[in-house]
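Please keep the model open while you read.

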Amino acid sequence: MQRKAVALISGGLDSLLAVRVMQEQGIYVEGINFFTGFCVEGHTHAIRKKDQKKPKRNNALWCAEQLGIKLHIIDIVEEYKDVVFNPRYGYGANLNPCLDCKIFMVKKAREWMEAHDFDFIITGEVVGQRPKSQRKDTMPVVQKDSGIEDRLLRPLCARNLPPTLPEREGWVDRDKLYDFSGRSRKPQMALAKAFGFADYAQPAGGCCFLTDEQYSIKLQDLWQARGNKQYEMDDIMLLKVGRHIRPEPGYKLIISREEGEGKFLQGYRKQYPSLKTTSHAGPLCLIDGDFAEEQIEQAARIVARYSQGKNAPEVELEFRDTEGNTRLLTVPPLPPHELKKEWVV
Amino acid sequence: MSRTILDCRRLLCPMPVIRVQDRIAELQAGDELQAICTDPGVMQDIPAWCRINGHEILEQRLEDDEYILLIRVQDTEG
Ligand code: SF4
């Protein structure tokens, strides 16, 4: 009887290898890729010009195609919020709740496995590779808290860990699994070469924006301004775009840095009031939060500072509310020394 | 056989793929799905998803800044 495994596919090299190791042993594999909203690829595609040179491919899909497996991409944006708000095991260096995240994903994959009659789960984890979620002492926590217990196999480091059910039952041969550990990527690269994988994604840092310091600062600022830990999909997407400037606690400006971002922000003009320079070429700015009438002028002066009219005595801008009503403003651009450092998020 | 239109405008990767995947799960073999998207990444990703899952791309084109893909659903059971 051919055994079936479901693999957590991130799009990186490790999960790619883990699946191939299983396929070599005759296991049928299908992949799951969870979309949390913070995933590094995706969104960022194609917004900025500099990103357009990069191949616009979804790495998880690409991996699945290389492996010849089906891939199920599952939207967990809503449920995942709870993981981000209240991680039982805390955050990593930034707002990354890696251990809770792993537990959550394995638990979701377990539910999928049970619903689809699969036998076990595999991941590309390597002992000691990541400081928090992939330590020898935290790996059993994932197994226990997710409820997967010994149906979770990590083919790349299995020989450093106690035998799992698939090994004990003889579905897979433990001797043909690996004993990788630590942060060196050399063994993975050698294995990739042996399998003939030449082109694969090598993400710097973690799998998601929550590991990014700048991004985490912006998310924290958003929570602080709103007085609670909440976010919507649009909020977390907008944290990836533009300059964020908060001149008052109650509102912030999201100012495009280039044409691609301007175009992207335009799509939000029904949700957020906006400012756009009309007398000079300049950015598009969304205003997020509550602001008083006189603050529109302050905002306009800041936006004007980022336009080609920054040295002109006056710049004309169009203010547009979410209904599409517009009016013109004429303001002197804010001189650089008046833009306070602490406004920039 | 039916044709469904799926509006994926303004959605960014991987949301258009997720929408296509979830809608196809509700369709029958032979049905057609037309996805209208604005993220250029879909021109790679939706065909890749279709190849992996055995569905057929009948057409993909750019029209007025919108990426339009037409998919024919195949029977992929078993
Ligand atoms: S980097 Fe992000 S996606 Fe990866 S384990 Fe940590 S929290 Fe989860």
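The sections below cover the model, the interface, the ligand, salt bridges and backbone geometry.

## About the model

This is a predicted model, in which local features need pLDDT of at least 70, side-chain atom pairs count only at pLDDT 80 or more, and totals for chains, interfaces and linings use all residues. Residues are numbered from 1 along each chain as its sequence is written, chains are lettered from A and ligands numbered from 1 in the order in which they are written, and side-chain values use heavy atoms, with hydrogens and water left out.

## Where the chains meet

Let us start with the interface. Contact here means heavy atoms within 4.5 Å, and 26 residues of chain A touch 20 residues of chain B in this way. The two chains bury about 1,900 Å² between them, 62% of it on carbon and sulfur atoms; buried area is the accessible area (1.4 Å probe) that two parts lose on being put together, summed over both. On the chain A side, L61(A), E65(A) and I73(A) lose the most area, together 29% of what that side buries.

One salt bridge is counted between chain A and chain B, a salt bridge being a side-chain nitrogen of Lys or Arg within 4 Å of a carboxyl oxygen of Asp or Glu. R51(B) and E65(A) meet in a salt bridge at 2.4 Å, N to O. Elements giving two or more residues to the chain A side are α3 (59-67), β3 (71-75), α10 (233-238) and α11 (259-266); helices (H or I, at least four residues) and strands (E, at least two) are DSSP runs, numbered from the N terminus. β3(A) gives the most, with five residues.

## Around the ligand

Which residues are around the ligand? They are Y80(A), P97(A), C98(A), C101(A), C207(A), C208(A) and T211(A), where near means that a heavy atom lies within 4 Å. By class, this shell has six nonpolar residues, one polar and no charged (Ala, Val, Leu, Ile, Met, Phe, Trp, Tyr, Cys and Pro count as nonpolar, Asp, Glu, Lys and Arg as charged, and the others, Gly among them, as polar).

## Salt bridges within chain A

Over all chains, the structure holds 28 salt bridges. K108(A) and E111(A) form one of these at 3.7 Å, N to O; because they are three residues apart in helix α5 (residues 98-115) of chain A, about one helical turn separates them. K108(A) is buried, with a relative accessible area of 17%, whereas E111(A) is partly exposed at 33%. Buried means under 20% relative accessible area, exposed over 50%, and partly exposed in between (1.4 Å probe, protein chains only).

E125(A) pairs with R154(A), the closest N and O atoms being 2.9 Å apart. E125(A) lies in the loop between β4 (120-122) and α6, and R154(A) in the loop between β5 and α7 (165-168), so the pair ties together parts that are 29 residues apart in sequence. Both E125(A) and R154(A) are buried.

## Backbone geometry

Most residues other than glycine have a negative phi, and most peptide bonds are trans. A cis peptide bond joins C13(B) and P14(B), with omega about 0 degrees. P14(B) sits in the loop between β1 and α1 (15-24) of chain B.

R10(B), found in the loop between β1 and α1 of chain B, has a positive phi of about 70 degrees although it is not a glycine. In chain A, E149(A) has a positive phi near 50 degrees, and its place is the loop between α6 (139-146) and β5 (152-153).
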